[in-house]
Amino acid sequence: MRIQDVRATTVTVPLEAPLRHANGCHWGRFVRTIVEVETDNGLIGLGEMGGGGESAEAVFRSMKSYLVGHDPARLEEMRFKIANPTASLYNNRTQVAAALEFACLDILGQAWGVPVSEILGGRVRDSVRFATYSFFRYPDSRSGQGEVRTIDQVIRYIADTKERFGFTTHKIKGGVFPPDYELEVYRAVAAAFPQDSLRFDPNAVWSTGQAIRFGQAIEGLRNDYLEDPVFGLDGMRRTRQMVRVPLATNTVVVDFEQLATNALAPAVDVILLDTTFWGGIRPCIKAAGICETFRLDVAVHSSGELGIQLATMLHLGAVLPYLSFAADAHYHHLKDDIVEGGLLPYRGGAIRVPEGPGLGVRLNRDKLAEYHELYLRLGNYPYDQDPGRPGWVPLVPNDRWADPEDDHPVKIPW
Ligand SMILES: [Mg+2]
């Protein structure tokens, strides 16, 4: 079996409302690049990449010259072919390699008649638990609905997702408003949902001093962990010395070099494994093995996903025996999906691991065409810009916070 073609299609899929974060905003939509790898026996494997609100079609087109004639089972060979670590100063393709790994695993599962999780060691669970992913949100430009800004709105949003999806773990994405306001929000959520677990993530934009102050202030609550309160392993290490809450990261331990450093001189307690950032599902499993040895906790990270990437997160979650926490997913903010059957359903806060061969999800080509059209119409958006604050640039550590009282209407072209 040989690879015969590599295709990429950019899609724009609507979100319920724009998601605000420390660097800017997802402007009411996700831009994702859907990758199809086709073999000479007619199988099509699916991959997905995104982030930054931009298309990556051209990068995948350029991979065709590397991959035509390649055996999709030779995954390690492919890694060195396109993402050799010593060449990465010039062409960092870790995330590209990830999307191609997803597609090749999907092909192998179809060829062998097994789900990807069975290739990766076999599942130890049939469904993966997820957390509410609560963002501060602007109202949707068209409907005026979906704003999350005030404390009441955060609590109502979490109560609503708990009701709709069954979540018992709630993650709050902060780093938007002054830390004291976000602390007030977090405490109010803890009081409103006393039986549930909580986690907070300001995307590493606080100073070490702010990180310590916030961390100490939430000691004693039902914290899973405090995620990336400050940037850099040394900032995390200093915070960890002063705060009795586990620290997590998807920012400063995202490769094996950094994982080794963290094992030798611990700075982070929980490693959030992202199938894109780490270069595929298999590197995440290797990293999880190292974490298991050092008794570091792991969880499944979300970098914003449609159904194909969600399937990679489900197969990853299915095969990790040492999975300590509910996974993150932006998925419940989506209004639609490009896979057959539409959005994968949550039951009791969890999603079932697909059971069909390969990744177990197939493309809905009508949806692919519809959302490709939407991409052509709307184009990219700047992930690191806030449509409500033109010209704003965040610092690290930041002090250019948004005002929680500011409810001026934000018009995002659609
Ligand atoms: Mg994070």
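This is a short walk through one protein chain, from its overall build down to a few single residues.

Okay, ground rules. What you see is a predicted model, where local features need pLDDT of at least 70 and side-chain atom pairs count only at pLDDT 80 or more, while totals for chains, interfaces and linings use all residues. Residue numbers start from 1 along each chain, following the sequence as written.

Let's start with the whole thing. The protein chain holds 12 helices and 14 strands; those are DSSP runs, H or I with at least four residues for helices and E with at least two for strands, numbered from the N terminus. The C-alpha atoms fill a box of roughly 60 × 50 × 45 Å along the principal axes. How does the radius of gyration agree with that of a compact globule? A compact globule of 414 residues would sit near 22 Å, and the protein chain has 21 Å, so the two agree. For the record, that radius is taken over C-alpha atoms, and the globule rule is 2.2 Å times the number of residues to the power 0.38.

On burial: 50% of the 414 residues are buried. Buried here means that 20 or more other C-beta atoms lie within 10 Å of the residue's own, exposed means 12 or fewer, and partly exposed is in between, with C-beta atoms placed from the backbone. As for contacts, a pair counts if the C-beta atoms, again placed from the backbone, lie within 7 Å. Taking contacts between residues at least 6 apart in sequence, 73% join residues at least 24 apart.

Now the domains. Domain 1 covers 3-115 + 366-378, and domain 2 covers 119-359; the bounds come from an automatic or database domain assignment. Their centres, over C-alpha atoms, are 23 Å apart. Across the boundary, 43 residues of domain 1 are in contact with 40 residues of domain 2. What does the domain 1 side consist of? Elements supplying at least two residues each are β1 (3-14), β2 (19-21), β4 (29-39), β5 (44-50), α2 (75-83), α3 (94-112) and α12 (365-378). The largest share comes from α3, with 12 residues. By type, that side divides into 24 nonpolar, 12 polar and seven charged residues.

Val35 stands opposite Gly47 in β5. The two strands make a hairpin with four residues between them, and in the turn Gly42 has a positive phi of about 85 degrees. Six of the seven residues of β5 are buried, so β5 is largely enclosed by the rest of the structure.

In α2, the buried residues are Met78, Arg79 and Ala83. Seen down the helix axis, they fall within an arc of 105 degrees, so they line one face; the arc is that of the directions from the axis to the C-beta atoms. Those buried residues pack against α3.

Over to another helix, α7 (residues 208-217). Gln210, Ala211, Ile212, Phe214 and Gly215 are buried there, and the buried residues pack against α6 (179-192), β10 and α8.

Speaking of β10 and α8, the loop between them, β10 being 223-227 and α8 being 233-242, contains Asp228. Asp228 has a positive phi of about 40 degrees, although it is not a glycine. Is Asp228 buried or exposed? It has 27 C-beta neighbours inside 10 Å, so it counts as buried. Arg295, in the loop between α10 (281-294) and β13 (297-300), also has a positive phi, near 55 degrees. With 8 C-beta neighbours inside 10 Å, though, Arg295 counts as exposed.

Two more residues and I'm done. Leu320 lies in the loop between α11 (307-319) and β14 (350-352), and counts as buried because it has 24 C-beta neighbours inside 10 Å. Its C-alpha atom is 7.1 Å from that of Val124, 196 residues away along the chain. Beyond its neighbours within four places in sequence, Leu320 is in contact with Ala288 and Val298. Finally, the peptide bond from Val396 to Pro397 is cis, with omega near -5 degrees, and Pro397 sits in the segment after α12.

Notes
Two residues are in contact if their C-beta atoms, placed from the backbone, lie within 7 Å. Ala, Val, Leu, Ile, Met, Phe, Trp, Tyr, Cys and Pro count as nonpolar, Asp, Glu, Lys and Arg as charged, and the others, Gly among them, as polar. Two strands pair if DSSP finds at least two bridges between them.
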